[in-house]
Amino acid sequence: MSGARAVVVGLDLGTGGAKAAAYDPRLREWGSAAVEYPMAAPRPGWAEQDPDQVVDAALEARAATVGQARAAGARVAGVALSAAMHSLTAVDGDGHALTPLLTYADTRAGEQADRLRADPRGAGLHRRTGTPLHPMSPLIKLLWWREHGDVYARAARWVSAKECLLLRLFGQAVVDHSIASATGLFNLRQRGWDRDALALVGLDAGRLSEPVATDHVLSGLEHGLAGRLGLDPGTPFVVGAADGCLANLGAGAVTPGVAACTVGTSGALRVASTSPRTDPGGRLFTYVLTAARWVSGGPISTGGLALRWLRDELLADVAAEARRAGQDPYDRLTSLAAASPPGAEGLLFLPHLTGERAPRWDADARGVLFGLTLRHRREHLVRAVLEGVAFQLRAVLETLGDLGVEPHQVRATGGFTRSPLWLQLTADVFGRGLSVPRAGKATLVGAALLGMVALGLVESLDEAAAAVPVDEVYRPDPQAAGAYGALFALFEDLHARLEGSFTQLAQLTGRARAGSRPRS
């Protein structure tokens, strides 16, 4: 195997499952695998997973990918890790879980988040840590745990999903700066646990893992575990970073002025910078990618989920007809939208079907169809939904401008890249070019590229990003972009006017709040 092509396996512990893929420095894929795991919701607003299931799935996906790569004649030079942000579980002194793994979607700590936003210390926490004051934050989750039961006092350590994996593999309690920076407990500029944040939750640093750089390398797998994974015990593991930050790298968006826009079930818009910039209004996050790169941006709660809702609940007959014809239902829906002009003839959709995160962080927000007339048909409805998601992403883009960040190019990743219509209208809404990288698995590509830089297979982060080819570029149509500019102003005004009504409706219907908005 001495002359075999060297590959790095990117491994991502996502919210719905573990994924792995092996890449060489030219980004040729040599193997991939995915293993799902469930999420439990034992009460409204709770979103839990079994940390052992998450780790087992990660090992299974990695082993399958390593096997495929070796069978294809490649040599595994290393493994690099990615994980979803904001997860939290308690472990005992032997590293065994004492609680379920709370995911980013767990919003049980809404009351604690509200209290901290009303506390004068809250704004300072966001400035130092870059993490919005929201129930997704592990800091807020820790406040909830401290007030519920005795596990807070019994826990030897509080860790994330990735830390659970590293404890299993190496018996070491370490956390990369990127995952740490999404906890609300990590000082971005000092690159260590924030003293005031620790005091707020009543923890000492010894009950958290040791923060290490994202290019930190671990080795020394236990022999039995190495055999299960098909790896040499000395195989280096790069601790890697958080999934959103790595998606920027995997899309080639790590230089100032180049943003990454992701639309899957939810959505996000992020841009990299060479210094940590935090939003004084608490509307955006800032997380670590490497020692010299930070990623700022914001997530939206509803992306492709809105189109899925439309497919399943309102246009199920269209979806069924598409399936009978051997067509993807989403393709049929977007072909319907193509029959509507930009702006859907005055129909606007606020895509807040599950509340909203950035930039307003309004968990009481609800979806709205505004401007309905007898003239509107299915094609207008689908078009309005696609445009509404793009408008919400533009709201994040505009907020980035308040930080002095003006992206001149946006790289598209996620499921919406399969729809040329959605890509074009998003470029029109943004008024900027929208580029589509060839590599579809941006997070896994980003993990592998960071691993290659750490292991010396690629010289620098910039060289790694430059290796990501762009297949297509969607240019904004000037006429459509002008129309969308006026509609976006109305879109923003609508939410501002309805904000109090959203809260009243939530109170009247007795729905549990899924979180709430930060102070501005």
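How are H1 and H6 oriented to each other? H1 and H6 are roughly perpendicular to each other, a class that covers angles of 65 to 115 degrees, whereas angles under 35 degrees count as roughly parallel, those over 145 as roughly antiparallel and the rest as oblique. The legends below describe a predicted model, in which local features need pLDDT of at least 70, side-chain atom pairs count only at pLDDT 80 or more, and totals for chains, interfaces and linings use all residues. Residues are numbered from 1 along each chain as its sequence is written, and side-chain values use heavy atoms, with hydrogens and water left out.

**View 1. Overall chain.** The secondary structure of the chain comes to 18 helices and 23 strands; helices (H or I, at least four residues) and strands (E, at least two) are DSSP runs, numbered from the N terminus. The C-alpha trace spans about 70 × 55 × 45 Å along its principal axes. For 520 residues, a compact globule would have a radius of gyration near 24 Å, and the chain's 22 Å agrees with this. The radius is taken over C-alpha atoms, and the globule rule is 2.2 Å times the number of residues to the power 0.38.

**View 2. Six-stranded open sheet.** The strand order is S3-S2-S1-S5-S14-S13, with mixed pairing; two strands pair if DSSP finds at least two bridges between them. Strands S3 (29-36) and S13 (217-218) stand at the edges with a single partner strand each, so one side of each is left without a neighbour in the sheet. S2 (residues 17-23) runs antiparallel to S3, joined by seven bridges, and glycine 17 stands opposite glutamate 36 in S3. In the loop between S2 and S3 is leucine 27, which has a positive phi of about 65° although it is not a glycine.

**View 3. Helices on the six-stranded sheet.** Helix H1 (residues 51-71) lies across S1, S2, S3, S5 and S14, running at about 155° to S3. Helix H10 (residues 243-250) lies across S1, S5 and S14, at about 100° to S14. Axes are lines fitted to C-alpha atoms, for helices over the stretch in contact, and angles run from 0 to 180 degrees between N-to-C directions; contact means heavy atoms within 4.5 Å.

**View 4. Crossing of H1 and H6.** The axes of H1 and H6 (residues 161-170) come within 9 Å and cross at roughly 70°. The crossing is right-handed, meaning that the near helix is turned clockwise from the far one by less than a right angle. Among the contact residues are Val54, Val55 and Leu59 of H1 and Cys164, Leu165 and Leu169 of H6. The contact comprises nine nonpolar, no polar and four charged residues; Ala, Val, Leu, Ile, Met, Phe, Trp, Tyr, Cys and Pro count as nonpolar, Asp, Glu, Lys and Arg as charged, and the others, Gly among them, as polar.

**View 5. Seven-stranded open sheet.** The order is S17-S18-S16-S15-S21-S22-S23, with mixed pairing. Neighbouring strands of this sheet are turned by 30° against each other on average, direction ignored. S15 (residues 258-263) and S21 (residues 409-413) pair in the parallel sense over five bridges, with alanine 260 opposite arginine 411 in S21.

**View 6. Cis peptide bond.** Alanine 358 and proline 359 are joined by a cis peptide bond with omega of about -5°. Proline 359 is found in the loop between S19 (348-350) and S20 (368-370).
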